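Hello,

Here is the structure we talked about handing over. My notes follow below it.

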Amino acid sequence: LSARRTPVSACRKGSVTVEAALAVPIFFLAVVSLLYLMEIMAVRKTVRAGLQAAGKQAMQDACSVTAVTPSGLERNVVRAIGEERLERSIVEGGASGLNCEGSYMSPVTGIGKLFVKYEIRLPIPVFMVPPVSYEESMKIKAWTGYEKEAFGDKKEETVYITETGVVYHKDYHCTYLELSI
């Protein structure tokens with residue numbers, strides 16, 4: 001017969017309870033941390049989309065106004081995201097927590113550089129984590145229209161191209177463009 005040995009931890013009463021009392025809070029902290037990381041990514045994506053929508057509007061208005069005002073850009077970002085959404089989010093200061101200072105548009109090139117800075121606070125009172133600063137930025141070109149080369153002196157021709165771009169022809173109904181058996 002072989003002798004079986006009993007583990008030392010099984011001999012002590014309550015060792016499983018102590019182990020569970022230590023492991024369960026750590027597990028819940030990991031789950032909450034993962035959820036907050038996903039919320040931070042969602043907020044960053046939303047702010048980026050709001051900046052993109054506000055930048056698009058600002059660049060469409062560039063025909064009449066050749067400057068970008070940070071306060072106007074902030075209003076457009078908040079409008080694109082939704083003020084209520086920002087107030088409920090983990091953005092420090094809610095809708096007023098977005099700062100677009102430093103955004104500008106070059107009147108010469110028509111290229112705008114847009115910035116939005118904000119802080120995200122983690123509502124975990126146990127660790128007292130300070131707010132984390134984030135910044136989103138983008139370059140965007142003003143929509144000012146275009147002029148045809150030499151004011152349309154050249155005669156224009158329409159050319160039809162296949163999906164692969166290998167074959168092209170002036171006639172839309174060319175047999176090379178419409179292959180059929």
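A residue is called buried under 20% relative accessible area, exposed over 50%, and partly exposed in between (1.4 Å probe, protein chains only). By that scale P131 is partly exposed, because its relative accessible area is 38%.

This is a predicted model: local features need pLDDT of at least 70, side-chain atom pairs count only at pLDDT 80 or more, and totals for chains, interfaces and linings use all residues. Residues are numbered from 1 along each chain as its sequence is written, and side-chain values use heavy atoms, leaving out hydrogens and water.

P131 lies in the loop between β2 and β3. Helices (H or I, at least four residues) and strands (E, at least two) are DSSP runs, numbered from the N terminus. Contact means heavy atoms within 4.5 Å. Beyond its neighbours within four places in sequence, P131 contacts E92, E119, I120 and R121. From P131 to Y118 is 13 residues in sequence and 9.5 Å in space, C-alpha to C-alpha.

A nonpolar core is a set of buried Ala, Val, Leu, Ile, Met, Phe, Trp, Tyr and Cys residues joined through side-chain atoms within 4.5 Å. The largest one has 28 residues, and L98 and Y118 touch the most other members. Two or more residues each come from α2 (15-60), α3 (70-81), β2 (111-120) and β3 (132-141). The most come from α2, which gives seven.

Now the whole chain. It has four helices and five strands, in the order α-α-α-α-β-β-β-β-β. Of its 181 residues, 24% count as buried.

Best wishes
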